[in-house]
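Hi,

Here is the structure I promised to send over.

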Amino acid sequence: METATAIFLATLAAGTPLVFAALGELVAEKSGVLNLGVEGMMIAGAVLAFLVAAETGVLWLGVLAAVLAGAAMAALFAVVTLSFQANQVAAGLALTIFGIGASAYLGLDYTGVALKGIGPVDIPVLGELPVIGPLLFALDPLVYLSFVMFAAVVWFLYRTKAGLVLRGIGESPASAHAIGYPVIGIRYLAVLFGGAMAGLGGAYLALAYTPLWVEAMTAGRGWIALALVVFGTWRPGRVMLGAYLFGGITIVQFHVQAIGIDLPPQVLSMLPYLATIVVLVLISRHAGMIRINAPASLGMSYHPAA
Amino acid sequence: MKKPGFLLSAVTGALLSMAGIAATGAAEPLKVGFVYVSPISDAGWTFQHETGRRQMAAALGDRVVTKFVEQVPEGGEAERVIRQFAADGYGLVFTTSFGYMNPTIKVAKRFPDTKFEHATGYKRDKNVGTYNVRFYEGRYLAGIVAGSMSKSNTAGYVAAFPIPEVLMGINAFTLGMQSVNPKATTKVIWTNSWYDPGREREAADVLVTQGADVLTHHTDSTAVVQRAEDRGIYAVGYHSDMSKYGPRAHLTAVTHHWGDFYTRLTQEVIEGKWTSRDVWGGIAAGMVSLAPINPAVPKEIVALVKDKEEAIRNGTFHPFQGPVRDQQGGMRIAGGTTISDEDLLKMEWYVEGVQGKLPR
């Protein structure tokens, strides 16, 4: 029981940065824009979150800085791909490389700085309930925020007119444009949202998960978030579940090791990536599944005048 | 107008320095280069080497000129940096990461007049020496502290890769714990990475769930100590004193020190007495020690640690002193004998009391 609780809590924490980044990317992709720069936006968020929190001593200013940093990186991408019609794949990759390099430079003086991170909330009464108290009412505030963002994304995409328009643009920007919607403007907003969410994911890593800054500390989590969107076939619920699944694999791997089951750790380390490949293969065999949920215009530039 | 002036001053400078040599008989200062694998920060491997460089530069004053290059990736880039040092007339170059081994050897062949010292490697040449630290001596002492503070008799060890260097540490730590607590066991989790704070935290959490109430690590970040602080248990740091990352949790840390060694070696080169050899220094050489011990640790334990430290220093005690059995109960080091350096350097077994299976 205790082990199960521990695995549950550790999985929630490990999955949270993925939830933020993947939900943000999902919204951007739903509008038809493929931004491969998630890793770069995440690491930019992480470094600025840490830098601002360390300088001001106010953790939440760090979170805010991360959101702005992620959005600023996304804005760069948006200008290049939406206004100047550059190739989205190339621009996204460039954004990641740029983000990793720039964050390493910015964070040079902050490696090894000690910071008291964002701890779990302390809710009286509810937090002391047996079993469900620690499971539901003693998480850290950013984890709750990830739940809120999930609900907000689902509500926005499937329950609002604006969400419908955004999805419409992802399917057929030309039709949306013909009806009179500002395709480029809405895509800008979707990409900025994606960047802000990736920044939040970075902030979670640098302020709550491991309150420290080291170069390249996102360690490929941005790429996993990208894979998750495909893994979840562009459905927020599945993306969220996938995030916990991927986060949890490492936790379970360590538990298996500690119990002493003879399984090479290298094999276990490969599991998240193997799982992604397997799911990619499986869904590509069911073309219908992709066609229903994948935005038809994903990754294609659109110019209203064309 | 500027150029002649500059030339003039350069000539004057040269004349003056020649006059200086004639007057005092002193040679040009020795140029000493350092190649670091990670940034100089407040804690960790490179920080310790940088501290050593500063001590050496301070001790030798104007007899040396030192320079370092940080964040040099292992491989092709390292070769370029090392070659640059040699080409710029550096007389001694310290390359401080295992992955610099082949680039160091390669550059050394082209620059026979430059001396090279490579940390933690095993390849030497006429002008290449190697050096390392007997971390296991410090690990044993830290084990005594951990073993006396553990109530669950279980320590958690977050380790990077199952290589002899790391296994020596795990085994020495476990033997140290058992010397004060015969029931003590160690659980190990391999993260397969020297530097991934996220994974180190996750591993720490798992070890706590599995009953460990004191943690230590052979990875490079401070995540394990920070996590121990959050979880209300104890931790033993590594590389540097990590107490500021977990003031309550931090029992002590196994630290390494290079200042005296760098000073000694550089002096040898200056005096022309340097020879290529392997230096493997421990407590006796002042290259390993424990960070200040947490006041929560009982006085008699602190005294015991001091005694053992002294015994290791004067050679009357060796952490791997028989009888030592392995995990399967087989006798590895017979009673009355100690392990040879050669066997230490190819260690590939767990001592009795380490739980879990050693990955192959």
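A quick word on terms: helices here are DSSP runs of H or I with at least four residues, strands are E runs of at least two, and both are numbered from the N terminus. Counted that way, chain B has eleven helices and 15 strands. Its radius of gyration is 23 Å, close to the 21 Å that the globule rule gives for 360 residues, so chain B is as compact as a globular protein of that length. Do keep in mind that this is a predicted model.

More on chain B: buried residues make up 55% of its 360 residues. The C-alpha atoms fill a box of roughly 80 × 45 × 40 Å along the principal axes.

Now the sheet. Seven strands of chain B form an open, mixed sheet, in the order E12-E10-E9-E8-E6-E7-E15. E12 (288-290) and E15 (354-355) of chain B are at the edges with a single partner strand each, so one side of each has no neighbour in the sheet. E12(B) runs antiparallel to E10(B) (residues 250-256), joined by three bridges, and Val254(B) sits opposite Leu290(B) in E12(B). Helix H7(B) (residues 197-209) lies across E6, E7 and E8 of chain B, at about 160° to E6(B).

Asn87(A) caps its N-terminal end, with a side-chain oxygen 2.8 Å from the backbone nitrogen of Val89(A). The buried residues of H4(A) include Ala91(A), Leu95(A) and Gly99(A); among the elements covering them are helices H2, H3 and H10 of chain A.

Cheers

Methods:
Residues numbered from 1 in each chain as written. Chains lettered and ligands numbered in written order. Predicted model: local features only at pLDDT ≥ 70, side-chain atom pairs only at ≥ 80, totals over all residues. Heavy atoms only, no water. Pairing = 2+ DSSP bridges. Contact = heavy atoms within 4.5 Å. Axes fitted to C-alpha atoms, helices over the stretch in contact; angles between N-to-C directions. Buried < 20%, exposed > 50% of the residue type's maximum accessible area, 1.4 Å probe, protein only. Polar contact = N/O pair within 3.5 Å; in protein donor to acceptor, adjacent residues only side chain to side chain. Rg over C-alpha atoms; globule rule 2.2 N^0.38 Å.
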